[in-house]
Amino acid sequence: MIRTEKLTKVYRTDEVETTALNNVEINIKEGEFVSVMGPSGCGKSTLLNILGMIDSPTAGNYFFNEEEVGHLSERGRSNVRKHNLGFVFQSFNLIDELTVFENVELPMLYTKVPRSERKSRVEELLEGMNIMHRRNHFPQQLSGGQQQRVAVARAVVNKPKLILADEPTGNLDSANGDEVMKMLADLHATGTTILMVTHSQYCAEFGNRIIRMLDGQVVTENIVKQYL
Amino acid sequence: MIRNYFKTALRSLRSSPFLSLIHIIGLATGVTACALIFQYVHFENSFDKFHEHADDIYRVPIRYSEGFGPWPRTAANHPATGPTLYQEFSSIKAYARVLHPSNIGANVKLTSISRSGQKVSASEDNVFMTDSSFFEIFSHEFIYGDPETALDHPDNIVLTAPMALRYFGSTDVVGKELIYNDRNRLQVTGVIAKVPDNAHLQFDAVYTRAFMHRAGVIDSWIWPEFHTYLLLEPGTDPQTIEARLPAIIDKHMTNIHKEYGFQTYFSLQPLIDIHLKSDCANELSAAGSTRTVRFLSLLGIIVLLLAWINYLNLASARSTSRAREVGVRKVVGALRIQLVMQFIVEASLVCATAICIGLFAANALLHPFSELVQRNIGNALIGWEHLSAPRNLLIILAGIVLSGILAGIYPALVLSAFRPAQVLKGTFSRSRQGVHFRRGLVSIQMALSILLIGGTLLVTTQLSFMNSKDLGYSKDQILVVRAPLITDSLSYVAANAIPDRVATIGAVSSVSRSSEVPGRLIAFRNQTRTVGALEEEGASTYLQSIDDKYLETFDVDLVAGRNYVIEDRTNPFDSTLARILINETLSGVYGFDSPEEAIGQQVLWKLGEEFRRGEILGVVADYHQRSLREAYDPILYYFPSYDNWRYYSISLKPGDWSAALAEVKAIYANHFPGDIFEYFFLDEYFDRQYRADQQFAKVCRTMALLAVFVAGLGFLALSMLVISQRRKEIGVRKILGAKSLKIMMLISREFMVLLLIAQLLSLPFMIHFGKGWLDGFAFSVGMNWYVFAVPVILFVVIILSILGVQLVRSSALDPVHALKQES
């Protein structure tokens, strides 16, 4: 599903040039749950952003479903993204001005899903995540765990083929973190491909493969024990 | 999707109510100012357009050859012009000459006798003598009478409804009579509705007299006091008539041109251009001014511009708080165009609210604004009746969308350009370009406000200079009484007895009679020259009759020679040598090196048709006959043994004048029982000339206040944002020991630099426009330093006060908390 060739990302400011990714080559097959680990600044979030098509590489290629997408226009990336990808962020990134229902509904507005279908899909998801009773609340009125559940619901509402999660438990206590990880595991179990960046070994082991990065390069790739 | 845009927009506005309020109030203020000003402009542009044949009506003004007289053109023409042109051109459907009685030095007194025998009598200043075709040319709403025949005969009069009510207590008065100057009877043949405010000919009545067709009048090519209007056949090109005018002028006026030594030119001036575009002297009503209309439009646009800049500035400065939302929307699939649309919808919502509030406020303020501009500007443009028409609702809707696009496009482009990868990770930084843009906007905003404040100061100081400058005569404590109409030798004796009786009143220090008093243009003007000078060396001179008490009453100095004594009176119409006074300006025009040199010299001057001789007895110090806009007029004074004096001027001793006024009134009533006693105080009469300037100053002040208010609002909001964005820096500096004052200096430095840029930006405009405006005054205060300094000082105070309050609030916060919030 995902294949990169010598993927490189260099950030340039007036005086400094920082190589965030250096000739990264990875392969992720459909249905995999891959965790990316590494110290801060190793390039894992940059990798996630490029694979999530919200940033573009400086050099190298990125194939998504065998199609080169690394150098698409913004509009082109947006098109691929909205039909195939879902995002979960550490800081939830819910829109404060929208209710729970509206936040979850949002991606479907951009894919032109009919209103009735939007309603049923959102309600189904909120029921499944046990937050239906909060549907008319605003993000600030929810706990962190609840917010992240809403964020997960938003990420999956368009039935994406790939979910990209950037430290999804980073702002949660362990109980809520567990709950979110279980949700991701459940999604994986239904066939969704997941790529997750995390600092936590515990969370990483929810996946079936762990990629470790250092200084913009992939240093090791391990299969998680339970999948050996 | 649109629903989602609206929902987000509404909730976003609600989430920061103070900033939203500033957005809306700022824009609403701009809309209110603009709506009122556009209503005013609409009214000014609507003058005379209500006449059915407005496009085919022309006036025939005269332009004199260069060097003759101070005016480029005069609105009135010779009595023969109308009838002659009518005969010469088949394309002229009708003509009407309009004569204001004061232009031939006459007063009009009308008297009605009611059924009960009660007499109503008044001196009328707002009536016109005209021709029978007046109502064929001008469309007025007849309540009673037939417009086609109303003025068919001499001594017919058509009254406006208010005047009919005043004289008869009813409007159904066709067939009744009014007594004209105690001698003739005018028959009321029509009653029309009050003349609309947007007509340049404002009158209470028009009447016909055989005088207009008398030989010596209808064929007269001198006496340019008849405003002549032509109704052309539809589709006639006025230029075809204008092309033949020089030949007609030559045919009739060659001798006159030769005798007077000047050339005249006629032209056709469209009726609908008269109010705003006329450059003519001798207008029958105060003309509007394209310059004022343009200036006011500019003021309105400036206030709207300030409000718009506020919106742009605040919306783009607030963009950081919307960055995450933009990031999320992009991540879940929003295209840039969709985000642009979203923010334009949001701006449109703010604009719609502001436009609605602005239109409500404008309607509520129509009356005070009308008083401010001293015109009843109506509500034809912004009244609800007009606005609720489907076409206008569509225009408003289009206005909302357009203003939404104008206000929203820049913030929308800024916001939609955010890169989600950065904003969602929190590594987003404000673009330097955006900061420069906002600084530029703030500078422009300040520059515009400085211009308005400086301009207002300039206008105010010039007005106060005009009010306080020594006019060369005393205008205080002078009571001016309009002299009675002399109709026979008895009334002549009675009229002449009044000043002697008034002089015996204890509170009166002196009484004088004259044909004019200071405060308006002298009506009579003719050619004069020193004996021995060539005809072409003649000077266009104002002629005024005064008595031996005039200089004393008005406290005017004599710079050479002597004042009149009673024996100096001469009959102005016989050939005896008249004794005359001239003023310093005329002495200079004649070429005398000093006033003393003029004494004893003889002058040829004309009163009526014939030149006569006058010997200069004295030279009067120049004084301001008219406002300080005008240079000193060249004036020749004569002391006639017989004259229909128009004014008695009574100099009162300091103290309570009410008893003296009552006594003067009693003396007048004693000599002219039943006549209206009309009087005014000279200072008020003179100051009337500054009404337009005072009104202009008031409008400037109001607009400057609005500008400062809008700019202040914008600055308040911007400073709040700047401080909140620099909260981390302030926290760090506080922890490191910085004092609040030091922090304030640091933050305010950026604004002070912008203020300096604004001052530099505004400087050339201020000098250009200020000098241009002052050039309209013969006597001006000049550009003082404080016109440039005060606005800047005011802004420094505003900036420091707003920043001070903001920083005190911000510094009160725990710096640790501030740092925690930022991280």
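Helices, taken as DSSP runs of H or I with at least four residues, and strands, taken as runs of E with at least two, are numbered here from the N terminus. What I am showing is a predicted model, in which local features need pLDDT of at least 70 and side-chain atom pairs count only at pLDDT 80 or more, while totals for chains, interfaces and linings use all residues. Residues are numbered from 1 along each chain as its sequence is written, chains are lettered from A and ligands numbered from 1 in the order in which they are written, and side-chain values use heavy atoms, with hydrogens and water left out.

Let me begin with chain B as a whole. Chain B holds 26 helices and 27 strands, and its C-alpha trace spans about 105 × 60 × 60 Å along the principal axes. Of the 823 residues in chain B, 54% are buried, where buried means under 20% relative accessible area, exposed means over 50%, and partly exposed lies in between, with a 1.4 Å probe and protein chains only.

I turn now to strand 9 of chain B. Five of the five residues in this strand, residues 156–160, are buried, so the strand is largely enclosed by the rest of the structure. In a regular strand the side chains alternate between the two faces of the sheet. Here Asn156(B), Val158(B) and Thr160(B) point one way, whereas Ile157(B) and Leu159(B) point the other way. As for pairing, two strands count as paired if DSSP finds at least two bridges between them. Strand 9 of chain B pairs with strand 11 of chain B, residues 184–192, in the parallel sense over five bridges, and Asn156(B) has Gln187(B) as its bridge partner there. With strand 12 of chain B, residues 205–207, strand 9 of chain B pairs in the antiparallel sense over three bridges, and in that pairing Leu159(B) stands opposite Ala205(B).

Is Glu148(B) buried or exposed? Glu148(B) is exposed, with a relative accessible area of 68%, and together with Glu136(B), Asp146(B) and Asp152(B) it gathers in a patch of negative charge on the surface. Patches are made of residues with over 30% relative accessible area and no salt bridge, like charges being joined within 9 Å and nonpolar side chains (Val, Leu, Ile, Met, Phe, Trp, Tyr) within 5 Å.

There is also a nonpolar surface patch of about 360 Å², made by Ile2(B), Phe6(B), Ile337(B) and Met341(B), and the elements that give two or more residues to this patch are helix 1 (2–15) and helix 10 (336–364) of chain B. Ile2(B), whose place is in helix 1 of chain B, is partly exposed at a relative accessible area of 45%.

A second sheet in chain B deserves a mention. Four strands form an open sheet in the order 14-2-3-16, with mixed pairing, and the edge strands, each pairing on one side only, are strand 14 (264–266) and strand 16 (280–281) of chain B. Strand 3 of chain B, residues 73–74, runs parallel to strand 16 of chain B and is joined to it by two bridges, with Cys280(B) as the bridge partner of Arg73(B).

Finally, salt bridges, each being a side-chain nitrogen of Lys or Arg within 4 Å of a carboxyl oxygen of Asp or Glu. In chain A, the side chains of Glu105(A) and Arg118(A) meet in a salt bridge at 2.9 Å, N to O; Glu105(A) lies in helix 3 (residues 100–110) and Arg118(A) in helix 4 of chain A, so the pair ties together parts that are 13 residues apart in sequence. Both Glu105(A) and Arg118(A) are buried.

In chain B, Arg97(B) forms a salt bridge with Asp131(B), the closest N and O atoms being 2.9 Å apart. Arg97(B) lies in strand 4 (residues 92–99) and Asp131(B) in the loop between strand 7 (127–130) and helix 4 (134–137) of chain B, so the pair ties together parts that are 34 residues apart in sequence. Arg97(B) counts as buried at 0% relative accessibility, and Asp131(B) counts as buried at 2%. Salt bridges that share partners also join Arg322(B), Glu325(B), Arg329(B) and Glu346(B) into one network.

Methods
Areas by Shrake-Rupley, 256 points an atom, 1.4 Å probe, with all protein chains shown as cover. Lys, Arg positive; Asp, Glu negative; His and termini not counted. Charge placed at Lys NZ, Arg CZ, Asp CG, Glu CD.
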